[in-house]
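Have the sequence and the 3D view at hand.

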Amino acid sequence: MMIAFGRTSSSLHTNNTCNTLLNELQQLWTEIGETEAEKDRMLLELERECLEIYRKKVDEAANAKARLHQSIAAKEAEIAMLMATLGELNVNYPADKKPKSLKGQLASVAPLAEDLKLKKEERMKQFADIKSQIEKITSEISGYGHIVSSVGALNLEEQDLSVRKLMEYQSNLRSLQKEKSERLQKVLGYVNEVHTLTGVLNLDFSKAVSDVHPSLQGSSMEQVTNISDSTLEELDQAILRLKTERKFRYQKLKDVAGSLSELWNLMDTPKEDRVSFLRITSILGSPESEIVQHGALSLEVIDQVSAEVERLTKLKASRMKELVMKRRSELEDMCCKGHIQPDPSTTVDKTNALIDSGLVDPCELLANIEAEICKAKDEALSRREIMEKIDRWLSACDEEKWLEDYNQDENRYSAGRGTHINLKRAERARIMINKIPVMVDNLISKTLAWEDEKHKLFLYDGVRLVSILEDYKRARQLKEEEKKRARDHKKLQDMLLAEKESIYGSKPSPRRSNSLRKPNGYRAYGNGSVTPSPRRNSVGTATPELLTPRSYSGRQNGYFKEMRRLSTAPLNFVAIPKEDTMSFSSIGGSEPESPPQI
C-alpha cells in the first residue's frame with residue numbers, strides 16, 4: 001500500500017509523511033492493545049477511504065478534462081460560426097506548434113474568438129449604418145414618414161456579415177444615393193420654377209410648396225424628406241396650375257393694355273401720362289415664357305391698368321365728338337393717299353349733325369368709322385401693287401412732259417453748267433417713254449384681273465382706272481397722229497421753201513436767232529445755258545394734253561367734253577405763218593434735233 005502512495009517522484013515528500021503517520025498509527029494501536037485483526041481491519045478501512053478520495057479526484061479531473069474539451073469545441077464552433085458569418089476563409093493561428101495540453105489549446109483559441117467577436121461587432125456597426133441610410137433613403141423615395149425596412153431588421157442572429165454582403169449593401173446604397181440625387185435635382189428644378197412663377201404672379205411661395213410637402217419650404221435641399229413620385233407629380237401639377245394662371249393673367253393684361261394703348265392713341269395722351277405704364281407695356285413685348293420680373297403679372301398691376309382704362313373710357317365719353325372728327329379726318333387722309341373714295345355717309349357735316357341731334361350714339365359712329373378705316377387699310381393693301389405701277393406710269397408721263405419742254409429749248413446743246421446732266425436725263429427719259437405703252441397695257445390687264453377677283457370696279461379718285469387708261473391711250477394715239485401730220489407739214493413747207501429759193505434765190509431767214517432768248521417755262525443761267533422746268537400745254541395748243549389720273553383729280557366732270565372737242569376740231573396747218581414753221585415743228589415733235597455743226 002505504501003508503495004502505491006509513492007509511485008510518482010513529485011509526491012515523495014507526501015509519501016514520507018504518510019509512512020511516518022502510518023508507523024505512528026501502528027505504534028499507537030500496539031500501545032492500545034489492538035489485535036492484529038483489528039489492525040488489518042482498520043488499515044483496510046483506511047485504504048478504502050484513500051481509494052475513494054483518489055476516485056473522487058480522478059472523477060473531478062475527468063470532468064475538468066471534459067469541460068476543457070467542451071470549451072475548446074465551443075470556442076472552435078464559435079470561431080467557425082464567426083468565420084462563416086464574416087465570410088472569412090482562413091484564420092491566422094500562432095506561428096508555434098499547436099499546444100498539446102487542453103488548457104494550452106483553450107488559451108490559444110480564446111484570443112482568436114475574441115478578435116472575431118470584435119470584428120463581428122465592427123462589421124455589424126457597418127451593416128447597421130449602411131442599412132439605416134438605405135432605410136432612410138428608401139423612406140424618402142417611397143414617401144412614407146416612418147422608416148420602412150426594405151432589407152430586414154439587423155439583429156445578433158444575422159447570418160451573413162461577409163464582405164461580399166457588405167459590398168452588395170454598399171452598391172445598393174450607392175444606387176439609392178444616385179436616385180436620390182437625381183430626384184433632388186428634379187425637386188430643386190421644380191421648386192425653383194415654382195419660386196419664379198410665384199414671384200411673377202406675386203403669390204406666397206411658402207404656401208405653394210408647403211401644400212405639396214412641408215419639408216419643401218426649407219432653406220436647404222438637405223431638409224427635404226420626401227422625394228417620392230407623388231411629390232414630383234404634385235410639384236408638376238402645381239407648376240401647371242401656376243403656368244395656367246400666368247397665361248390667363250398675361251392674356252388679361254395684354255387685352256387691358258391693348259385697350260389702354262388704343263385709348264392713348266385715340267385721345268392723344270401725352271407721354272408724361274404714359275410713363276408710369278411704360279414698364280408694363282414693355283413687359284408685354286416679351287413672350288409669356290420669358291417674363292421673370294417679380295410681380296410683373298400680379299393682380300395689383302392688372303387692377304392698376306384696368307382702373308386707368310376705366311378712367312380713360314369715362315373721359316372718352318365726354319370727348320367722343322372730337323374723337324369721331326379726328327378719326328374721320330384720319331380716314332379721309334388715308335383714302336386721299338390711296339386715292340380711294342371714303343363713305344359719304346360719315347362726312348364731317350353729317351357726323352356733326354347726327355351727334356348734335358342725339359339720334360345716333362357717338363360710340364356707334366366711332367365704331368363705324370373704325371370699321372371703314374380697317375376696310376380702307378385692307379383695300380389699300382390689295383391695291384398696293386397696282387398703285388405702284390400707277391406711280392411708275394405717272395413718273396414716266398412726267399419725264400415725257402419734261403422731254404417735250406426740253407426739246408423746245410433752242411439752247412439745250414449750248415455749252416454750260418448742267419448741260420451734260422440734262423442730256424443724260426433726256427436719254428433716260430426717252431428709254432422710259434418707249435416703255436409707256438407696255439406699262440399702260442400691263443396696268444390695264446392687272447386692273448381687270450383685280451376687278452374680276454374683287455368683283456368691283458377699281459376706282460381712282462372716283463373714276464374707273466380702266467377708263468382713265470383707255471382715254472389716255474386714245475389721247476396718246478391722237479397726239480402721235482398730230483405729231484405725224486406736223487412732221488409731214490414741215491417736210492412740205494421745207495420742199496416749198498427749197499423750190500422758192502431755187503426760183504428766186506436764197507435770202508436770210510426771218511427767224512430771229514437770239515441765243516439769249518428765254519423760252520416759256522425755262523430760266524437761263526449766267527453762262528447762257530438753260531435748264532428746262534416742267535410746264536403744261538394749254539387746251540388750245542396744237543398738241544392735246546395727255547390726261548393722266550392727276551388730270552382727273554381736278555377736272556373729272558369736263559374731261560369727256562374736252563376729249564370730244566379735241567378729237568373733232570381739225571388742225572388748220574395752212575393758217576400757220578411761214579416764219580413760225582420751225583418753232584411749230586420743235587413744239588410738235590419729240591425727237592431731239594442734231595447738235596449744230598460748227
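Q: How do you know whether the crossing of α7 and α8 is left-handed or right-handed?
A: In this predicted model, the crossing of α7 and α8 is left-handed. The two axes cross at roughly 145° and come within 11 Å.

Q: What makes the contact of α7 with α8, by class of residue?
A: Five nonpolar, two polar and one charged residues make it up. On the α7 side you will find Leu 253, Leu 260, Trp 264 and Asn 265, and on the α8 side Arg 274, Phe 277, Ile 280 and Thr 281.

Q: Why is Cys 335 called buried?
A: Buried means under 20% relative accessible area. Cys 335 has 2%, so it is called buried.

Q: How do you know that Cys 335 is in no disulfide?
A: A disulfide needs two cysteine sulfur atoms within 2.5 Å. The nearest cysteine sulfur to that of Cys 335 belongs to Cys 336 and is 8.8 Å away, so Cys 335 is in no disulfide. By this rule, the model has zero disulfides.

Q: What makes up the largest nonpolar core, and which residues have the most contacts inside it?
A: This core has 70 residues, and Leu 253 and Val 305 have the most contacts inside it. Helices that each supply at least two of its residues include α3, α9 and α12, while α7 gives the most, with 14 residues.

Q: Which residues does Leu 253 touch, not counting those up to four places away in sequence?
A: Leu 253 touches Ile 280, Leu 284, Ala 296, Leu 297, Val 301, Ile 302 and Val 305.

How values were computed:
Residues are numbered from 1 along each chain as its sequence is written. This is a predicted model: local features need pLDDT of at least 70, side-chain atom pairs count only at pLDDT 80 or more; totals for chains, interfaces and linings use all residues. Side-chain values use heavy atoms; hydrogens and water are left out. A nonpolar core is a set of buried Ala, Val, Leu, Ile, Met, Phe, Trp, Tyr and Cys residues joined through side-chain atoms within 4.5 Å. Buried means under 20% relative accessible area, exposed over 50%, partly exposed in between (1.4 Å probe, protein chains only). Helices (H or I, at least four residues) and strands (E, at least two) are DSSP runs, numbered from the N terminus. Contact means heavy atoms within 4.5 Å. Axes are lines fitted to C-alpha atoms, for helices over the stretch in contact, and angles run from 0 to 180 degrees between N-to-C directions. A crossing is left-handed if the near helix is turned anticlockwise from the far one by less than a right angle, and right-handed if clockwise. Ala, Val, Leu, Ile, Met, Phe, Trp, Tyr, Cys and Pro count as nonpolar, Asp, Glu, Lys and Arg as charged, and the others, Gly among them, as polar.
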